[in-house]
Amino acid sequence: MIPAEAIPGPAYRINTPRLLIRCPEPADAPALDLAIKLSLDHLLPWMLWAKQEPVSLDERIEFLRCSRGNFDLANDFGYLIFNLSETLLLGGTGLHTWLGRDTREIGYWIHKYHTHQGYATEVASALTRVAFEVDHVRRVEIHCSPKNTYSAAIPKKLGFIHEATLHNRAEDVSGNLRDTMIWSLFEENYPASPAASLAIQAFDVIGRRIL
């Protein structure tokens with residue numbers, strides 16, 4: 001058996017105490033479609049992609065095919081969030097690569113009917129661990145609107161530093177520019193983060209345990 005420390009990432013499946021976070025599959029399209037439709041009014045103020053909704057089921061399938069392809073090619077790492085029995089899709093998240101080779105940006109959204117249960121914090125904690133311990137990055141960032149107080153509370157809770165609030169740097173769903181908060185956690189500060197103590201299991205594409 002290959003020692004866990006010798007198995008490279010990325011992490012395709014991540015188990016936390018309450019959640020399963022995994023790479024998306026085209027077969028997830030119906031569950032994702034329902035979750036987004038039920039959550040759309042909750043997502044529209046904060047998620048620019050929600051402006052394109054509703055989309056057809058075939059478009060949803062194509063999106064998931066592309067997401068899986070980008071994951072396999074290590075271009076970007078989008079995940080879906082489920083309960084542990086994988087019977088309920090609870091939201092979406094990602095370890096995004098667009099900030100550079102040694103950096104990940106964590107994004108997240110939670111199904112409207114399952115908010116305020118700490119799921120987003122649990123997800124962000126798990127992906128922070130994966131970013132530093134599996135992907136071996138130097139910095140993790142979380143970006144959000146200053147008006148999204150629930151989202152902004154998560155990086156603060158996990159020991160991220162509020163480095164800046166950038167003026168008129170992102171577009172909202174109405175096409176207007178809005179401010180963006182930049183929260184960062186650096187490699188040297190990660191061991192003291194509450195995220196580092198979250199119990200998780202991470203697995204590669206064929207189910208070998210990485211973490």
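Predicted model: local features only at pLDDT ≥ 70, side-chain atom pairs only at ≥ 80, totals over all residues.

Mentor: Setting aside neighbours within four places in sequence, Ile-14 touches Leu-19, Leu-20, Ile-21, Tyr-79, Ala-126, Leu-127, Val-130, Ile-200, Gln-201 and Ala-202. Two of these partners return at once, for Ile-14, Tyr-79 and Leu-127 are the residues with the most contacts inside the largest nonpolar core, which has 44 residues. At least two residues of this core come from each of strand 2 (19-22), strand 3, strand 4, strand 5, helix 3 (119-133), strand 6 (139-144), helix 4 (149-157) and strand 8. Among the contributors, helix 3 gives the most, with 9 residues. Apart from this core lies another one, of 13 residues, including Leu-32, Ala-35, Leu-40 and Leu-43.

The aromatic residues form the next part of the picture. A pair of aromatic rings is described by the distance of the centres and the angle of the planes. The structure holds 5 aromatic pairs. In one of them, Tyr-12 and Phe-71 are tilted, with 4.6 Å from centre to centre and 50° between the planes. This pair links distant parts of the chain, since Tyr-12 belongs to the segment before strand 1 (13-15) and Phe-71 to helix 2 (residues 57-72), 59 residues apart. Both Tyr-12 and Phe-71 are buried. Phe-71 also pairs with Phe-77: the ring centres are 5.1 Å apart and the planes stand at 85°, so this pair is edge-to-face because the angle is over 60 degrees. Phe-71 has a relative accessibility of 1% and therefore counts as buried. Phe-77 is buried as well, with a relative accessible area of 4%. Through ring pairs, Tyr-12, Phe-71, Phe-77 and Tyr-79 are linked into a cluster.

An open sheet is formed by 9 strands in the order 7-8-6-5-4-3-2-1-9, with mixed pairing. At its edges are strand 7 (161-171) and strand 9 (201-203), each of which pairs on one side only. On average, neighbouring strands of this sheet are turned by 25° against each other, direction ignored. Helix 1 (residues 29-43) lies across strand 3 (77-83), strand 4 (89-96) and strand 5 (103-110), and runs at about 85° to strand 5.

Finally, consider the end of the sheet at strand 7. Strand 7 and strand 8 (residues 177-186) pair in the antiparallel sense over 7 bridges. The two strands form a hairpin with 5 residues between them, and Gly-175 in the turn has a positive phi of about 90°. Across the pairing, Glu-171 stands opposite Leu-177 in strand 8, and Leu-166 stands opposite Thr-180 in strand 8.

How values were computed: Residues numbered from 1 in each chain as written. Heavy atoms only, no water. Pairing = 2+ DSSP bridges. Helix = DSSP H or I, 4+ residues; strand = E, 2+ residues; numbered from the N terminus. Axes fitted to C-alpha atoms, helices over the stretch in contact; angles between N-to-C directions. Contact = heavy atoms within 4.5 Å. Core = buried A, V, L, I, M, F, W, Y, C linked by side-chain atoms within 4.5 Å. Buried < 20%, exposed > 50% of the residue type's maximum accessible area, 1.4 Å probe, protein only. Phe/Tyr/Trp six-rings, centres within 6.5 Å; stacked < 30°, edge-to-face > 60°.
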